[in-house]
Structures are given as C-alpha cells and as structure tokens.
Amino acid sequence: MGRGRQKAKATKQARDMKYFSPATDLSALERELAGNSGSSHDDDQYIDYADKYADYVKDAEEDDDPRTQG
C-alpha cells in the first residue's frame, strides 16, 4: 500500500499546526481591537472623490436600469 508513512507524516503536521502557539503581541492586538482615531482620516480623503464622481455613478445606474431600456 505505502500510505502508512504519508498518513503518519500528515497526522504529525496537522498535530503540530493544531498545538502550535506563536508568540502573540498582546499590545498590538489591544490597539487593533480598541481602534485608533486615525481611521476616520482615511475616509476623509475619499469624500472629495465621492462628491466629484457621484454624478457619474448616478448616470451609470440609470443606464443599467432594464426598465428604461426599450
């Protein structure tokens, strides 16, 4: 058969992955979960683009409406 060694190796690798616990940076996790105030800054830079291209999106949605097509 020849599958015994392959299955044993796969089982060993699965067990190693299951019980492996890398060093966790708890302070980084806390910062990520708490959120930072800088995330709203990322949204601000796209507000100008949203306003600028809103008409194009509106026109494209009207073009895609099957009720308006003949």
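The protein chain holds three helices and zero strands. Helices (H or I, at least four residues) and strands (E, at least two) are DSSP runs, numbered from the N terminus. From that end, the elements run α-α-α. The model is predicted: local features need pLDDT of at least 70, side-chain atom pairs count only at pLDDT 80 or more, and totals for chains, interfaces and linings use all residues. Residues are numbered from 1 along each chain as its sequence is written, and side-chain values use heavy atoms, with hydrogens and water left out.

The protein chain averages 79, and 70% of the residues score at least 70. Helix 1 has the highest confidence, at a mean of 93, and helix 3 the lowest, at 72. Where pLDDT is low, the predicted coordinates should not be read in detail.

Burial was examined next. Buried residues (under 20% relative accessible area; exposed, over 50%; partly exposed, in between; 1.4 Å probe, protein chains only) make up 0% of the 70 residues in the protein chain. Just after helix 2, Gly35 takes a positive phi of about 80°.

One salt bridge was counted. The term means a side-chain nitrogen of Lys or Arg within 4 Å of a carboxyl oxygen of Asp or Glu. The partners are Asp16 and Lys12, with their closest N and O atoms 3.3 Å apart. Both lie in helix 1, residues 3–19, four residues apart, about one turn of the helix. An α-helix has 3.6 residues a turn, so residues three or four places apart point the same way. Asp16 counts as partly exposed because its relative accessibility is 42%.

The accessible surface of the protein chain comes to about 7,200 Å², and 52% of it belongs to carbon and sulfur atoms. Areas come from the Shrake-Rupley method with a 1.4 Å probe; for residues, only the protein chains shown count as cover. Tyr46, Tyr49, Tyr53 and Tyr56 form a nonpolar surface patch, with about 520 Å² of accessible area together. Patches are made of residues with over 30% relative accessible area and no salt bridge; like charges are joined within 9 Å, nonpolar side chains (Val, Leu, Ile, Met, Phe, Trp, Tyr) within 5 Å. Tyr49 lies in helix 3, residues 39–64.

Key: pLDDT = per-residue confidence, 0-100.
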